[in-house]
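Welcome! Open your viewer, get ready to select residues, and follow along stop by stop.

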Amino acid sequence: MIMNTPQLDNVIPKPASVLDKARIYRDKFKAWVNLDSSNLTAGQQLAVKYFTVAVILFVAQILFGLLSALQFIYPGFLYGILDFNVNRMVHINAMIVWMLYGFIGSIYWLIEDESGTEIVGLKWANIAFWVLTGAVTLVVLVYLFVQVGPGKDSSLWFINEGREYIEAPRWADLGITAVMLVFFYNVVATFSKGNWSGIAGVLVLDLIALVGLYLAGMFYMTNITHDQYWWWWVIHLWVEATWEVLVGVIMAWSLMKLLGVRRKIVQTWLYIEVALMFGSGILGLGHHYFWIGMPEYWLSVGGFFSALEPIPLVAMVVHAIYDSGVHAFKTVNHPALAWVIAHAFGNFFGAGVWGFMHTLPQINLYTHGTQWSASHGHLSFFGAYATINIAFFYLAIQQWRGNVWMAAGTRHAWRWKWALGLLNAGVVGMTVALLIAGYEQSFIERAVEGSTWAGYFAAQNQPSFQHAMNWRMFFGLVTAAGLGLLVWDLLTIGKYEERKAEKVVEKVIVH
């Protein structure tokens, strides 16, 4: 008698694949944090993917920044294992990439609401996200595991391009450009299908510059002056000018949703921001030119015009808050509004005041390339870009939880308040510490010693410089504590909230 043997597949379950296990953990995590993707549109679901990676890279930025700060105090720490130049490179590149992730996610979040239609080419947009994330992961692994080696043409393509702040190898540059082109197509095609607005027009114009200016850093130049000339077009105009306008778009939409600000107010200041980007942004770039062998007059031209860029964004926030007084300054999301206000102050002082006070030619002659530049960089990047991304994270969490109440009376409000305070206090503390170190360098290294190697090392060994670096480390830890509290709050705020948020529509609150 022949018996039928049951198929093994029906008796012994197949071991779960890595992808299946990842999905199981993802579902368990979503259940813990009580997030429901059914509250989101397709575009918003893509946006939260970008926000998730942005937060992870934000954490990486702070961790590698702490390692770099520690190596200033103990130069031999991790020498030959994880060198300072690699830590600093990952710290800065993680910062640039997480902010870019935040901007792209914010645009995908708001585009359907602004255009009145679903995103066109969403499938390509999702593919672009995974391509970009895979490329970023691979580039960071190469940074960490290939720290030394010969500089050859193949190194430029596959290891490190060698340009400070944009060290990504050439293949990654091409990948970023492709992702930006897909992003541009999604935005233009969506607005073409739906409704155009002033915000839409500014956004499309800015994305043309966002794609085009990044190409300036990919020219192969044998002359170092020519190479640095185009390099500055990426560092200054791609990061400082096109990002400022992109932030203006995000800010304008956020203020309408948070405070019911009239559209004509935010769009007017947005138009002024665009005018200043083209009128002063390119001229403002000139404060770098003298140091790469360009004529001396660029110092004066660039030093004056580079300080004008943040003015419209600050004016937009001030005007919006004034306008919101019509409905007693009511808002549906207190932490998001607090971070928008922090952005206004941070952008003004970091990009404006701190930038202006050391780009004037009489000062820049002594401060260029010292810790004074790092002081300006810490406050401006955090104040101008990180703050608005964090504000948008809170907007996204609110909707992700089903548009719950996040205004007065929110449970555990101390978390976001302390996160706001610690992060801003930490960054401001690092800014002041680096300013003290930069002032010491400018005096000893530049004014007294005349920009010699002996002057450089003499400045590094001054007690005031070393004390400033200790304080920078301390405030870096304060910043890290604030980030930890921020992540905790983003995961838990509104988790058990049953009240629904009111909707603010141009000066009138409706239920």
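The tour below goes from aromatic rings to charges over rings and ends at a loop.

This is a predicted model, where local features need pLDDT of at least 70, side-chain atom pairs count only at pLDDT 80 or more, and totals for chains, interfaces and linings use all residues. Residues are numbered from 1 along each chain as its sequence is written, and side-chain values use heavy atoms, with hydrogens and water left out.

**Aromatic rings.** The whole structure holds 35 aromatic pairs; rings of Phe, Tyr and Trp (its six-membered ring) pair if their centres lie within 6.5 Å, and planes under 30 degrees apart count as stacked, over 60 as edge-to-face and the rest as tilted. Select F72 and F465: their ring centres are 6.4 Å apart and their planes stand at 55 degrees, so this pair is tilted. It joins distant parts of the chain, with F72 in helix 3 (residues 42–73) and F465 in helix 18 (residues 463–492), 393 residues apart. Helices are DSSP runs of H or I with at least four residues, numbered from the N terminus.

Next, select F51, F58, W98, W109, W253, F392 and F393, a cluster linked by ring pairs.

**Charges over rings.** Here NZ of Lys or CZ of Arg must be within 6 Å of the ring centre and within 35 degrees of the ring normal. Pick R415, which lies over the face of W488, 4.1 Å from the ring centre. Then move to R170, whose charged end sits over the ring of W157, 5.7 Å from its centre.

**A loop.** Finally, select S451, in the loop between helix 16 (413–448) and helix 17 (453–460). Leaving aside neighbours within four places in sequence, S451 is in contact (heavy atoms within 4.5 Å) with E445 and R446.

Note on methods: Helices (H or I, at least four residues) and strands (E, at least two) are DSSP runs, numbered from the N terminus.
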